[in-house]
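Okay, thanks for coming, everyone. Let me put the structure up and then walk you through its pockets and annotated sites.

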Amino acid sequence: MTVMEDAAPAGPVATASRMAWAKVNLTLHCTGQRADGYHLLDSLVVRVGVGDALHVAPAEILTLTISGPRAKGVPTDARNLVLRAAEMLDAGAGRGAALHLVKHLPAAAGIGGGSADAAVALELLSAHWGVPLPADTARLGADVPVCLTRGPQRMQGVGEILTPLPPLPACHIVLVNPGVDVPTPAVFAALTDKNQPPMPDVIPKFANFAEFVDFLRLQRNDLAAPAIARAPVIASCLEALSDAALARMSGSGATCFGIYATAKEAETAAHRITTAAPNWWVAAAPILVA
Ligand SMILES: C[C@@](CO)(OP(=O)(O)O)[C@H](O)COP(=O)(O)OP(=O)(O)OC[C@H]1O[C@@H](n2ccc(N)nc2=O)[C@H](O)[C@@H]1O
Ligand SMILES: Nc1ncnc2c1ncn2[C@@H]1O[C@H](COP(=O)(O)OP(=O)(O)O)[C@@H](O)[C@H]1O
């Protein structure tokens, strides 16, 4: 299922709308830890064609409403990353806007839903209010800088060092989330070896799907083992994706992904998994390869 642009809600007419595409860590190597506890990462990050939608309309005061199939449990108050992004951009000036978020992505799932929402809030409100984007968007969350980009990126540091990668071969992904909560800080804390090898210095340009998958097979997600220890159902998600060219966990979990060469293979796998596990969240989408 590729989520198409959602219609704006009843109420003020939206003047701008944007999709907040999910992010997927195709690799996630933990290469060290800073004195403040944050972990140094080396990750190949892509965006995929399934996401939330954010609408903005003119208003005197700043408000946020939320709807959509995954709205339940997402905070509507100042904890919401959309409002935190708006407040960061507004910097106390008291500007208004009516924001409406349509949630399709599961929260706290390792696919950066909140971070992607924050990034599109920054982009939409920067245009709406005519103010520049702030420099230090990582203050909103380590994944926010990468969510301000679109094509494949190598993400290093704690998330703030981004190197755009050449276009990837066309490929499709199936995301599977079993509905368990695996908080990011707890998964990092349970990682015993925090000094693991990075990806190769140079990430090659891949001539075709097979070359790309061969490269990914040699990489890792270092958070998978601690996440599976906390939530063994993650291993069942990976098992469900065993017909993929490659199946791994994204971020700190619990969402797992499988990579497929064609949209048809991905749709077929997504249908099979949904039938077998109707309570899991499952989505098939293209990887945004450029
Ligand atoms: C692990 C990653 C990989 O892309 O993805 P998710 O699993 O969250 O999707 C990210 O680094 C998460 O980014 P994000 O969720 O924005 O992180 P933040 O809000 O800044 O931090 C949440 C918590 O994660 C831990 N954290 C996060 C980033 C990092 N480089 N080192 C860390 O140790 C810290 O315990 C921090 O308190
Ligand atoms: N707009 C939002 N959408 C989802 N979660 C949000 C949002 N704003 C704040 N949160 C909170 O942020 C946390 C991380 O959410 P999210 O970015 O979706 O996950 P992850 O960091 O695993 O990729 C959740 O615990 C959630 O309560």
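This is a predicted model: local features need pLDDT of at least 70, side-chain atom pairs count only at pLDDT 80 or more; totals for chains, interfaces and linings use all residues.

Side-chain values use heavy atoms, with hydrogens and water left out, residues are numbered from 1 along each chain as its sequence is written, and chains are lettered from A and ligands numbered from 1 in the order in which they are written.

Back to Lys-23. It lies in strand E1; helices (H or I, at least four residues) and strands (E, at least two) are DSSP runs, numbered from the N terminus. Is Lys-23 buried or exposed? Lys-23 is buried, at 4% relative accessible area, where buried means under 20%, exposed over 50% and partly exposed in between, with a 1.4 Å probe and protein chains only. Leaving out residues up to four places away in sequence, Lys-23 touches, among others, Val-45, Arg-47, Ile-111, Asp-143 and Ser-250. Touching here is contact, so heavy atoms within 4.5 Å.

Now, Asp-143. The UniProt record, an unreviewed entry, puts "active site" at Lys-23 and Asp-143. Keep in mind that UniProt positions are in the numbering used here, feature names are shortened, and annotations may be inferred rather than shown by experiment. The two are spread over 121 residues of sequence, yet they cluster in space, with a largest C-alpha distance of 8.8 Å. Asp-143 sits in the loop between H2 and helix H3 (144-147), and at 16% relative accessibility Asp-143 is buried too. Beyond four places in sequence, Asp-143 touches Lys-23, Ser-115 and Met-155.

Both Lys-23 and Asp-143 are in the lining of the largest pocket. How do we define that? On a 1 Å grid over the protein atoms alone, a cavity is a set of points where a 1.4 Å probe fits but cannot get out, a pocket is an open set with protein on both sides within 12 Å along at least five of seven lines, and lining residues have an atom within 4 Å of a point.

This pocket is lined by 40 residues, with Ala-108, Ser-115, Asp-143, Thr-184 and Ser-252 nearest its centre. Which element gives the largest share of the lining? That's H2, with four residues.

Gly-113 lies in helix H2 and is buried at 7%. Ser-115 is also in helix H2, buried at 12%, and its contacts outside four places in sequence are Leu-81, Asp-143, Val-144 and Cys-147.

Last one: the second largest pocket is lined by 13 residues, and Arg-70, Lys-72, Pro-106, Ala-107 and Ala-108 lie nearest its centre. That's my tour, thanks.
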